[in-house]
Amino acid sequence: MGIDHRGFTYYLVGDIAIAKVPESIPFRLVLVERGKRVGEFRRREYEIAFGYGMTETIHREHGLRLKLDPTEVFFDPKLSRERRKIAELSSDGERILVMFSGIGPYPLVIGKFRKGCEILGIEANEIAYRYSLENLEINKKLLKSKVKFVLGDVREVHGIGEFDRIVMPRPRGKEDFLEVALRFSSEKWRNRAQEERTH
Ligand SMILES: C[S@@+](CC[C@H](N)C(=O)[O-])C[C@H]1O[C@@H](n2cnc3c(N)ncnc32)[C@H](O)[C@@H]1O
């Protein structure tokens, strides 16, 4: 028997998983995960088990509406508290770079809770980038900061200036992207990183 925080349960009869969903939880479609997230864009294969309509949906988080298709992009609702925490750690008026912005949740959550920031998200998956632009438009009235998105590989983006804070919800893999982050960080932070390396 398995159970998640909203009360979904399942049990196995032989090799059949039987799911129980409380009537109070509205859902339209059931997707079954097939394997792990793969590739640079961290996508996963799903199989439609039940339901109707498209795999595109609107997810609500911290009062924002986030449009996405989970079969095309990375999105993890379990990171919602982390996003709020990053917003709390940030300060009003900062220039903030989100190096792997996906459909835009980190820039938009920070932009909702912090005033007068300039927040830039960079994303390489064109589908996720297009959702981030749409999500910016859908939520623009709720934002207290300026948010922008750029399509591209963080290693190849130039001419965007320096940032006070760099958020890296990075894809899994060997590369830590620290050199790239240092290139975008303000002189103050570069010097501090240099000092920490030499001690
Ligand atoms: C772990 S996901 C985080 C997405 C988003 N921040 C979120 O929390 O929903 C990493 C994202 O980085 C993107 N990505 C991978 N390599 C990249 C690169 N070199 N430059 C820019 N984006 C990249 C992937 O497409 C994916 O959307």
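Strand E9, residues 118–123, and strand E10 pair in the parallel sense over six bridges; two strands count as paired if DSSP finds at least two bridges between them. Within that pairing, Gly121 stands opposite Phe149 in E10. This is a predicted model: local features need pLDDT of at least 70, side-chain atom pairs count only at pLDDT 80 or more, and totals for chains, interfaces and linings use all residues. Residues are numbered from 1 along each chain as its sequence is written.

A word on the names. Strands (E, at least two residues) and helices (H or I, at least four) are DSSP runs, numbered from the N terminus.

Now the whole sheet. It is open, has four strands with parallel pairing, and the order is E10-E9-E8-E11. E10 (146–151) and E11 (165–167) each have a single partner strand, so one side of each is left without a neighbour in the sheet. Neighbouring strands are turned by 20° against each other on average, direction ignored.

Next, the helices. Helix H2, residues 105–113, lies across E8 (95–98), E9, E10 and E11, at about 170° to E9. Helix H3, residues 126–139, lies across E9 and E10, at about 160° to E10. Axes are lines fitted to C-alpha atoms, for helices over the stretch in contact, with angles from 0 to 180 degrees between N-to-C directions. Contact means C-beta atoms, placed from the backbone, within 7 Å.

Last, where is Pro171? Pro171 sits in the loop between E11 and helix H4 (178–184). Not counting residues up to four places away in sequence, Pro171 touches Glu40, Arg42 and Phe100.

Methods. Two residues are in contact if their C-beta atoms, placed from the backbone, lie within 7 Å.
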